[in-house]
Amino acid sequence: MKRDLTVLAGLLPAAVLFVCLGRAASQDWTPLFDGRSLSGWKASEHPESFRVEDGKIVCNGPSAHLYYVGDVAGADFKNFELKAEVMTTPGANSGIYFHTEYREAGPPTKGYEAQINNTYVGHGYRELKKTGSVYGVRNQYKSLAGDEQWFTMHVVVTGKRLRISVNDTLVVDYTEPAQPVRTEQPPLPDRLLSHGTFALQCHDPESKVFYKSVLVKPLPEDVAVPPLDQTVVDQPYLEISRLQSIGFPLVDFHAHLKGGLTLEEVLEHSRKTGIAYGVAPNCGLGFPITDDEGIDRFLESMKGQPVFLGMQAEGREWVNLFSQEAIGKFDYVFTDAMTFTDDRGKRIHLWVDQEVEIDDKQAFMEMYVDRIVAILNEEPIDIFVNPTFLPGAIREEYDELWTAERMERVIDAAAKNEIAIEINARYRIPGPAFIKRAKEAGVKFSFGTNNGGRDLGRLEYCLEMIKECGLTPGDMFMPTRTSAQ
Ligand SMILES: [Zn+2]
């Protein structure tokens, strides 16, 4: 569209251009904002929170919402495409509601909100839902847009299917099931697809957000939609939906593109399940990435993708293979204690049964806990993964060998160094006793699959542990830096 306009502008006098644009818009996109005034819009509670400046709607002031009440489609949209050009300032929160209706005060209760938040962290609560989230329904934890730069938000509703793209990258593809789970407090029973108008949010006085354009394309009522049976509503699906609605961050930070699993498959699985992903290459001696150039190549290949990027640091010598600068380009860094040199000077991999000789189980455990504590004290990591993993020969004795004292040593070291501990879905570790003690000590947790092949699952063990150990959103790890986009 933009390119076409430039060509037209170069060839045609202004008057002709105006006519052409008018016709093009009626066949294609129709502006809801005229670029000069708030004609066609009605603000709730604090109209002063919205104004037009230099051809942009500025949202800044006390909490209020600006509803579209103009003539396009009678301000009642069912199937549609909406495209907005948006810019945030640091710490700003906004959003575009759709299928909604005017309310004198408070946020809209009908319809959905396409969230706009690149760096807002919340006041009095921890806000993790980033730009492109369907608020409380499909949450994005990594923003694909930055402050002080224009980005596009594209919302498409066709029947019960809802898609959102940020800067042309698809981040949400959600099909609303027949009986969706809506349990947020207060419950919003009308957080559903139906029909209605749009509203722009002014979230709070510290938030300043600009809208340069708001374009809509109404779609026919009978537009083809994919069958609803794509969404299998089973127990994990319901549990994931419940957690999404209370803002519990569901991120699998330990996914590997291994065994033929492609990034596109990870993203498709993510859109289907609602679980966000962190993709981590293995970095270390004898692994796919062995130097800074390898890190740069990987990050370049993942640029702009809606996944976190993690570094799985391997072996113990990784700390000397990469520069701090290169390591710092990842969203987070993790390692495990499955590779080390034992007291006899032999390098062992705990998952390779033939390499692990255990004459004395207690002595082995003491040595293993020493190694773990050393890693937590010495290596600059954010997450300790595959924690408490035991080799096959002694795995059955997990509860006896992981004594209270050994658990405490690991937990103390993690707490002291502010390292999160992974709850691993593949190995179903650590056990609930460990998790409860770690939570008590203030340790944060991450979820991870550590897939060996293409099956990512749905964090089943982690979902169990949320319930069994009473984990809350505040217990969860979230990266504080963001990899270069
Ligand atoms: Zn791994």
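Helix α11 is followed by Gly470, whose phi is positive, near 65°; helices here are DSSP runs of H or I with at least four residues, strands are runs of E with at least two, and both are numbered from the N terminus. The structure is a predicted model, in which local features need pLDDT of at least 70 and side-chain atom pairs count only at pLDDT 80 or more, whereas totals for chains, interfaces and linings use all residues. Residues are numbered from 1 along each chain as its sequence is written.

Within α11, which spans residues 460-469, the buried residues are Cys462, Leu463, Met465, Ile466 and Cys469, a residue being buried if 20 or more other C-beta atoms lie within 10 Å of its own, exposed if 12 or fewer, and partly exposed in between, with C-beta atoms placed from the backbone. Seen down the helix axis, these buried residues fall within an arc of 160°, so they line one face of α11; the arc is that of the directions from the helix axis to the C-beta atoms. An α-helix has 3.6 residues a turn, so residues three or four places apart point the same way. Lys467 and Glu468, on the other side of α11, are exposed.

What do the buried residues of α11 pack against? Their partners are α3 (235-245), β22 (420-424), α10 (432-440) and β23 (445-448), where contact requires C-beta atoms, placed from the backbone, to lie within 7 Å. Toward α10, the residues Met465, Glu468 and Cys469 of α11 meet Pro432, Ile435, Lys436 and Lys439. The axes of α10 and α11 are 10 Å apart and the helices pack at an angle of about 60°, with axes fitted to C-alpha atoms over the stretch in contact and angles running from 0 to 180 degrees between N-to-C directions. The two helices are therefore oblique to each other, since angles under 35 degrees count as roughly parallel, over 145 as roughly antiparallel, 65 to 115 as roughly perpendicular and the rest as oblique.

Key: Two residues are in contact if their C-beta atoms, placed from the backbone, lie within 7 Å.
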